[in-house]
Amino acid sequence: MHKKMGNGGFTLVELLVAVLILAIITAPLIHAFVTSSRTFVKSRDIGEATQAAENLAETVEATPVGSLAALIAGGKFSTGTVDSLMAEDYVYRKDASGNYLRSADGTLIEATGSPTAHTDTEVNASRYTLALSDVTEGSSTFHAEVELDAKPYAEENLTKITEYTAMDAVFSQPSGSDENPDFLASNAFLNEAVALSGQTLAADYFDHAMKRSITIQVTQDGGEYIATAAYVYSCLYAYTATTVGDDGVVKTENRTTTLSADYSYEFYRRDTAPVSLYVFFFPNYNTALAQDDDITILNQNDLTFLMFLIKQKAETWSGDMADVTLNTYETAYSAVVSLKESVKSSRPHASVYSNISRNVSEINTNPDVRLPVTFRVFYGNTWYLPDSLLEDLVGQEEENRLYQVTITLYDEDGYEVYSMQSAKLD
């Protein structure tokens with residue numbers, strides 16, 4: 001006989017046992033799912049923070065320091081700590097106490113002086129902080145603090161670097177007997193002297209007897225910038241004049257006159273200021289005077305530019321004997337170079353580079369010996385202490401160009417979530 005099954009279902013104990021078994025089985029799965037979800041969110045947040053920081057680092061690396069401030073808005077001067085920086089986008093510098101000083105005009109301005117001037121006890125413009133709000137990456141929004149500090153690379157930044165500039169304005173002293181102002185002046189003096197004295201003089205009589213001055217003027221006239229070169233020559237000529245009086249008596253008289261000539265050249269006229277000017281000239285060798293050349297750079301508008309004065313060997317000095325003679329003249333060569341500006345400043349507005357103190361003879365046996373050249377700086381009519389010409393024919397400056405970049409990201413509650421460091425070559 002078969003036992004008839006009941007239809008009462010599961011008992012409470014059986015149901016509880018089943019639920020317990022199900023809980024034991026699913027709990028690890030739920031924990032794994034929750035952990036996986038949290039890990040995904042955290043990984044996503046870290047990934048987005050990393051990407052945001054890397055994007056900022058790339059932007060900083062690709063943007064010149066002087067243009068970084070254009071990425072954010074300028075503001076008024078104030079102080080604050082890192083917690084209060086995040087309210088708005090501004091440029092800051094950190095003081096000795098760790099407080100942040102907001103830039104008055106929102107710009108990054110390099111400090112004067114060498115990078116070694118940066119110390120931990122002073123505010124220095126070789127250290128900047130950019131405060132950026134609402135930096136978005138993916139689903140995350142951050143506030144960012146970007147600090148640029150040149151101090152860790154102070155030694156590297158002290159190394160002078162070459163500044164390559166366009167040749168905005170170029171003047172080359174004309175060559176050839178029909179264009180070179182040296183020859184033109186010598187021939188003019190010769191003709192005038194012959195007319196005065198009635199004597200026959202050698203063709204090169206005045207070649208090494210003329211006093212010459214070169215004036216290079218860079219000025220602003222309205223909306224135009226103009227550069228000119230003026231050559232002025234003079235020579236004291238003594239001669240014997242022969243006259244016949246009314247009585248027919250021939251008389252001789254010793255006379256002295258000053259011969260003079262000048263030639264001007266305009267080599268720049270534009271509505272933009274020149275950055276660099278190059279002037280190529282032939283040296284003047286005056287065997288009658290102690291000083292051969294007098295060169296003046298007039299910068300009465302206090303314009304900022306680079307002036308390159310390049311002494312060159314004339315085409316007439318060719319051949320072995322000519323080189324010997326040229327070396328004799330070059331060894332005895334001397335000059336005075338003057339820079340004249342209007343308003344006194346910590347350093348001249350114009351920078352002057354020149355090889356004028358070097359011997360241009362090809363047979364010079366003492367290349368390290370410098371010729372006696374005096375460089376003077378005037379402000380108004382006052383002559384200040386002699387300065388030094390920059391001998392390299394390229395501009396070289398010490399400047400901050402390597403920066404340590406520290407990027408720190410904060411969440412909207414002000415907690416730090418990510419930080420990274422990189423380097424920037426400006």
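Is K313 buried, partly exposed or exposed? K313 counts as partly exposed, because its relative accessibility is 24%. The scale has set limits: buried means under 20% relative accessible area, exposed means over 50%, and partly exposed lies in between (1.4 Å probe, protein chains only).

The structure is a predicted model, in which local features need pLDDT of at least 70, side-chain atom pairs count only at pLDDT 80 or more, and totals for chains, interfaces and linings use all residues. Residues are numbered from 1 along each chain as its sequence is written, and side-chain values use heavy atoms, with hydrogens and water left out.

Stay with K313. Side chains of opposite charge can pair when their charged atoms come close. Here a salt bridge is a side-chain nitrogen of Lys or Arg within 4 Å of a carboxyl oxygen of Asp or Glu. K313 forms one with D323, and the closest N and O atoms are 3.0 Å apart. K313 sits in the loop between β13 (305-311) and α6 (320-331), while D323 is in helix α6, so the pair ties together parts that are 10 residues apart in sequence. Helices (H or I, at least four residues) and strands (E, at least two) are DSSP runs, numbered from the N terminus. D323 counts as buried, at 8% relative accessibility.

K313 also forms a salt bridge with E362, where the closest N and O atoms are 3.4 Å apart. This pair links distant parts of the chain, 49 residues apart. E362 lies in the loop between β15 (350-354) and β16 (373-379). E362 counts as exposed, because its relative accessibility is 63%.

How many salt bridges does the rule give? The count comes to 8. Another of them joins the side chains of E224 and R269, at 2.8 Å from N to O. Here too, distant parts of the chain are linked: E224 is in strand β9 (residues 224-244) and R269 in strand β10 (residues 250-270), 45 residues apart. E224 is partly exposed, with a relative accessible area of 32%. R269 is partly exposed as well, at 41% relative accessibility. Elsewhere, D182, R212 and D293 are linked in a network of salt bridges.

At the start of α5, a side-chain oxygen of N180 reaches to within 2.9 Å of the backbone nitrogen of D182. Just after α5, G198 takes a positive phi of about 75°.

What does α5 pack against? Its buried residues pack against β8 (211-221), β9 and β10. Contact means heavy atoms within 4.5 Å. The buried residues of α5 include P181, D182, F189 and L190.

Now turn to helix α1. L20 lies in this helix, which covers residues 12-62. L20 counts as exposed, because its relative accessibility is 53%. L20 belongs to a nonpolar patch on the surface, together with V13, V17, I21, I24, I25 and L29. I46 also lies in helix α1. I46 is partly exposed, with a relative accessible area of 44%. I46 and V417 are 371 residues apart in sequence, yet 8.0 Å apart in space, C-alpha to C-alpha.

Key
Patches are made of residues with over 30% relative accessible area and no salt bridge: like charges are joined within 9 Å, nonpolar side chains (Val, Leu, Ile, Met, Phe, Trp, Tyr) within 5 Å. Accessible areas come from the Shrake-Rupley method with a 1.4 Å probe; for residues, only the protein chains shown count as cover. A polar contact is a pair of N or O atoms within 3.5 Å; within protein, one must be able to donate a hydrogen and the other to accept it, and residues adjacent in sequence count only if both atoms are side-chain atoms.
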